[in-house]
Amino acid sequence: MTFYPTDRLALFIDGANLYSAAKGLGFDIDYRKLLEEFRKRGVLIRAYYYTALVEDEEYSPIRPLVDWLDYNGYSLVTKAARQYTDSQGRKRWRGDMDVEIAVDMMEMAAASADHLVLFSGDGDFRALVEAVQRRGARVTVVSTVKSQPPMASDDLRRQADNFVDLADLSDIIGRPSRLPRFIQESRSERHHEEEPEADAEA
């Protein structure tokens, strides 16, 4: 990744898109490591995380992550997901954050951010990236072409100043995907059996 120590950086994370890309590559994102990595690479002004939330749901699997991000250095941008019925009659949820990302990127480019990092491979952002570049900011896109299917649009990759494949960051900002519980339990049992007994005098 091409960054300069004096770069004023802003991160724009399309939560659903990044989750799908990481899942396709077989790892989970460690958001603490992600923030630390970009703090090393320049002057991090803001790290935005965008996601739609299902309202009136007793338990949402994304809620603990959203709460953690909110208290640990991320600026959360959320909105209510809209329910719809697909062609098979199943209930689905839609929550497009493209407009929110576009507004924030344009504002940060105008507010003298030097380098914007977009975590999304969505080709709809190509015109946005071009507009931000006209304001003098550089744009790095983080997504992947190594998943099946590839998550990054060719048009977006060509427009960006830099493209970083998420697969190349897996050792830096990733942790292994969680194993199913029964595998974890059998591993921990084996681990306890292998552990030597602690010295009673220690």
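User: How many aromatic pairs does the structure hold?

Analyst: This predicted model holds six aromatic pairs. One of them joins Phe3 and Phe38, in an edge-to-face arrangement with 5.9 Å centre to centre and 80 degrees between the planes.

User: Where in the chain do Phe3 and Phe38 lie?

Analyst: Phe3 belongs to the segment before strand 1 and Phe38 to helix 2, so the pair links distant parts of the chain, 35 residues apart.

User: Buried or exposed, those two?

Analyst: Phe3 and Phe38 are both buried. Phe38 counts as buried because its relative accessibility is 0%.

User: And what about the rings of Phe38 and Phe119?

Analyst: Their centres are 5.8 Å apart and their planes stand at 75 degrees, so this pair is edge-to-face. Phe38 in helix 2 and Phe119 in strand 7 are 81 residues apart. Through ring pairs, Phe3, Phe38 and Phe119 form a cluster.

User: Which residues is Phe119 in contact with, apart from its sequence neighbours?

Analyst: Beyond four places in sequence, the contacts of Phe119 include Leu11, Leu18, Leu34, Phe38 and Val142. Phe119 is buried, with a relative accessible area of 0%.

User: Changing topic, which residues have the most contacts inside the largest nonpolar core?

Analyst: They are Ile29, Leu34, Tyr74, Phe119 and Leu166, in a core of 24 residues. Among the elements that each supply at least two residues are strand 1, helix 1 and strand 7. Helix 2 gives the most, with four residues. Another core, of 22 residues, lies apart from this one and includes Tyr50 and Met97.

User: Where does the charged end of Arg157 sit?

Analyst: It sits over the ring of Phe163, 4.9 Å from the ring's centre.

Key. Residues are numbered from 1 along each chain as its sequence is written. This is a predicted model: local features need pLDDT of at least 70, side-chain atom pairs count only at pLDDT 80 or more; totals for chains, interfaces and linings use all residues. Side-chain values use heavy atoms; hydrogens and water are left out. A nonpolar core is a set of buried Ala, Val, Leu, Ile, Met, Phe, Trp, Tyr and Cys residues joined through side-chain atoms within 4.5 Å. Buried means under 20% relative accessible area, exposed over 50%, partly exposed in between (1.4 Å probe, protein chains only). Contact means heavy atoms within 4.5 Å. Rings of Phe, Tyr and Trp (its six-membered ring) pair if their centres lie within 6.5 Å; planes under 30 degrees apart count as stacked, over 60 as edge-to-face and the rest as tilted. A charge sits over a ring if NZ of Lys or CZ of Arg is within 6 Å of the ring centre and within 35 degrees of the ring normal.
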